[in-house]
Amino acid sequence: MLIAEGLVKIFGRRPALDGFDLEVAPGEIVGLIGHNGAGKTTFVEVVTGLVRPDRGNVRIGGLDALRAGRAARQLLGVAPQELALYNRATVRENLRLFAGIAGLRGRRRDEEIARVLDELHLSALANRLVGVLSGGQRRRVQAATAMVAAPPLLLLDEPTAGADPETRSALLAAVKTRAEAGTAVVYTTHYLPELVDLDATLALARAGRVIARGTQRELTRHLPGELRVTFADPGEPDLRLPTTDPGADLAALLASGRVPVSVDVRRPSLDDLYRSMEAGAGEGEQEARDVAA
Ligand SMILES: Nc1ncnc2c1ncn2[C@@H]1O[C@H](COP(=O)(O)OP(=O)(O)OP(=O)(O)O)[C@@H](O)[C@H]1O
């Protein structure tokens with residue numbers, strides 16, 4: 001549904017995108033993660049048409065988004081990181097406007113608005129001015145504007161930033177439902193557990209390019225998990241051992257004659273993956289590139 005190839009965008013002398021590639025299939029949710037400044041928002045802005053890349057191609061649903069921008073954007077719903085809503089209009093009026101821009105009219109428009117209000121738990125706020133809503137409520141409204149015309153591609157840039165648990169779970173459920181119906185989703189976030197809930201595949205951005213792409217399991221395979229053991233002898237402290245081979249490490253422990261009363265193996269998590277990226281352009285990144293290769 002989305003193919004971005006070799007995107008380069010230079011601001012001043014610094015590349016914000018430096019050979020950024022990403023493909024997203026219909027029904028796929030891609031969690032786009034990476035440190036502040038990795039280029040995630042610039043990528044979203046290029047796909048949206050707000051920023052023109054210096055090099056590279058973007059295809060949306062087979063259309064060249066850099067040449068046939070208008071037609072390609074009809075296939076796109078965007079919730080930008082910086083909220084773009086009309087504060088002096090109500091939630092419903094905002095949704096009418098966005099649905100109208102996407103070409104929805106009459107009864108179909110009203111039905112889609114009712115559906116998205118319900119999905120995002122916004123029905124009770126439909127006639128309130130956006131300007132008087134809380135930050136989390138506005139974020140939900142922004143996500144609703146992206147989803148209202150049921151576009152086949154959704155770009156959600158940190159849609160749950162600052163959101164309370166209710167906002168977050170309503171949004172995640174709506175995104176899941178849309179993906180199950182075939183929508184392709186690019187979802188940027190710093191809240192990694194959300195990507196587990198969404199069963200998203202991952203794209204790790206660093207310094208303007210995607211350095212690794214795959215499932216959570218594929219990308220964390222090279223990282224150590226943790227073996228947690230409690231012993232029968234109350235005087236013996238609990239053991240927490242980083243491990244890539246818990247079976248072998250446990251066998252070695254048992255062979256040493258120590259008697260465990262509980263054993264737990266924690267798989268490497270997305271947080272571990274994120275931390276491994278902190279290692280910079282060192283070993284961790286090279287391993288991530290190997291995984292991608
Ligand atoms: N309009 C702009 N003018 C100059 N530099 C820019 C502009 N937009 C982005 N940048 C720079 O491009 C780089 C990538 O920024 P971008 O906002 O894409 O990162 P990000 O991965 O979305 O970060 P975050 O997680 O903080 O949202 C940063 O160094 C940023 O300062």
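## Overall make-up

The protein contains 11 helices and 13 strands, where helices (H or I, at least four residues) and strands (E, at least two) are DSSP runs that are numbered from the N terminus. This is a predicted model, in which local features need pLDDT of at least 70 and side-chain atom pairs count only at pLDDT 80 or more, while totals for chains, interfaces and linings use all residues. Residues are numbered from 1 along each chain, following its sequence as written.

Taken along the principal axes, the box filled by the C-alpha atoms is roughly 75 × 45 × 30 Å.

## Burial and contacts

Of the 293 residues in the protein, 37% are buried, a word used for a residue that has 20 or more other C-beta atoms within 10 Å of its own, with C-beta atoms placed from the backbone. Among contacts between residues at least 6 apart in sequence, 67% join residues at least 24 apart; two residues are in contact if their C-beta atoms, placed from the backbone, lie within 7 Å.

## Domains

The protein is divided into domain 1 (2-219) and domain 2 (224-267), with bounds that come from an automatic or database domain assignment. The centres of domain 1 and domain 2, taken over C-alpha atoms, are separated by 43 Å.

How values were computed. Buried ≥ 20, exposed ≤ 12 C-beta atoms within 10 Å, placed from the backbone.
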